[in-house]
Amino acid sequence: MVTCPEVRTGRGRRRLRRRPGYAVLAALLVAAVGSGCAAETGGRADADAARRTGAEAGHPGAQARPEAAAALAVRAEKERRAQAARAAAARKWGLAGIPLAPPAPPAVKPHITTRKGFEVNGGDDSLPPVFTTVPTDKKIVFLTMDDGDDKDPELLRMMSELNIPYSAFLSDYLVRDDYAYFKDAQDRGVALSNHTLNHRYLPGLSYAEQKREICDQQDIIEKQYGQRPRLFRPPYGNYNGDTLRIAKSCGITAVPLWSAEAFPDHMEWREEDQDLHPGDIILTHFRGKKDWKGSMPDLIRSVMKVITDKGYAVARLEDYV
């Protein structure tokens, strides 16, 4: 794996401490059902109390209180059912634990700047920021998949049933044989972003060659999927000032890299503490058994065990960037 030359990438050598899967599953399921039931019961009690208060006081706005309580009860019931469905999907797909639900997206997206050490010569705040972590205090991470080589239909079904969001960064030379697969992914809520035409080492190309790699891929994604990407990830995480200026010229507003990389049998970490942090971006690839030790569903089972065991939920990157 080639990484951005300015930054040292560490490899995780310590095994993650694993808790028994059935214990995690049982604890999370009990908590989900209990909290949903408590919210529903509390909502009914609040509504009854509000009706009594309104009747006694004769206040003209008293009906607003039971309506608000009823809305809370409906939302609690919806969340309870969603978590129950997630628990059933986790059992079906063989996950060690139930994926945690992310919080609601922020009303205002956080301000993102280029990570220290990732700057380019002559760069300024007008260029798309390059970052590995999204500013947030929530225990959330973001799952991203690159290239588009392996097109496993099981992955699409698995992620939809588990309701786990992820972002795809596509290279056309691997995608063009089956654009329909990623149209299906898009219809399921997956955002499709730019990873160049041919996955070349961009700093080694001329300005014109880089422009073709980046901007022509913008045009193809827009033509095939109806939306021009805002996000761009340079191959191998390598870029220079021309890369960012070209990306900006054809509609790119941000360049998310990654703080950890997931494989079916291990994780590799950028940070020295070899751990997850709020807002971390996780990289993996559309790969199958021909390339590594496992299928795409195997990969998801592995990375989700790490994420869930550490108390994190997966959020949608585009809701924050």
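Contact here means heavy atoms within 4.5 Å, and by that rule Trp 292, leaving aside its neighbours within four places in sequence, touches Ala 262, Phe 263, Pro 264, Thr 284, His 285, Arg 287 and Leu 299. Welcome to a short tour of a predicted model, in which local features need pLDDT of at least 70, side-chain atom pairs count only at pLDDT 80 or more, and totals for chains, interfaces and linings use all residues. Residues are numbered from 1 along each chain as its sequence is written, and side-chain values use heavy atoms, with hydrogens and water left out. Helices (H or I, at least four residues) and strands (E, at least two) are DSSP runs, numbered from the N terminus.

**Around Trp 292**

- Trp 292 sits in the loop between β8 and α8.
- With a relative accessibility of 13%, Trp 292 counts as buried (under 20% relative accessible area, with exposed being over 50% and partly exposed in between, for a 1.4 Å probe and protein chains only).
- Phe 263 is 29 residues away from Trp 292 along the chain, and their C-alpha atoms are separated by 7.9 Å.
- The side chain of Trp 292 also reaches the backbone oxygen of Arg 287, at 3.5 Å.

- Helix α3 covers residues 153–162, and its buried residues are Leu 155, Leu 156, Met 158, Met 159 and Leu 162.
- At the start of α3, a side-chain oxygen of Asp 152 comes to within 2.8 Å of the backbone nitrogen of Glu 154.
- Just after α3, Asn 163 adopts a positive phi of about 60°.
- Helix α8 (residues 296–309) has an axis that comes within 8 Å of that of α3, and the two cross at roughly 35° (axes are lines fitted to C-alpha atoms, for helices over the stretch in contact, and angles run from 0 to 180 degrees between N-to-C directions).
- On the α3 side, Glu 154, Leu 155, Met 158 and Met 159 meet Met 296, Pro 297, Ile 300 and Arg 301 of α8.
- The residues of this α3 and α8 contact divide into 6 nonpolar, no polar and 2 charged (Ala, Val, Leu, Ile, Met, Phe, Trp, Tyr, Cys and Pro count as nonpolar, Asp, Glu, Lys and Arg as charged, and the others, Gly among them, as polar).

**Helices α5 and α6**

- Helix α5 (residues 179–187) packs on α6 at an angle of about 70°, with the axes 10 Å apart.
- The two helices, α5 and α6, are therefore roughly perpendicular to each other (65 to 115 degrees, while under 35 is roughly parallel, over 145 roughly antiparallel and the rest oblique).
- Tyr 179, Phe 182, Lys 183 and Gln 186 of α5 make the contact with Ile 220, Gln 224 and Tyr 225 of α6.
- The α5 and α6 contact residues divide into 4 nonpolar, 2 polar and 1 charged.

**The disulfide**

- The structure holds 1 disulfide (a pair of cysteine sulfur atoms within 2.5 Å), which joins Cys 215 to Cys 250 with an S to S distance of 2.3 Å.
- The pair links distant parts of the chain, 35 residues apart: Cys 215 is in helix α6 (residues 207–225), and Cys 250 is in the loop between α7 (241–249) and β5 (255–256).
- The torsion about the S-S bond of Cys 215 and Cys 250 is about -75°, so the disulfide is left-handed.
- Both Cys 215 and Cys 250 are buried.

**Positive phi in loops**

- Most residues other than glycine have a negative phi.
- Thr 196, though not a glycine, has a positive phi of about 75°.
- Thr 196 lies in the loop between β4 (191–194) and α6, and is buried with a relative accessible area of 0%.
- Gln 274 has a positive phi near 50°, and belongs to the loop between β7 (267–269) and β8 (281–285).

Technical notes
A polar contact is a pair of N or O atoms within 3.5 Å; within protein, one must be able to donate a hydrogen and the other to accept it, and residues adjacent in sequence count only if both atoms are side-chain atoms.
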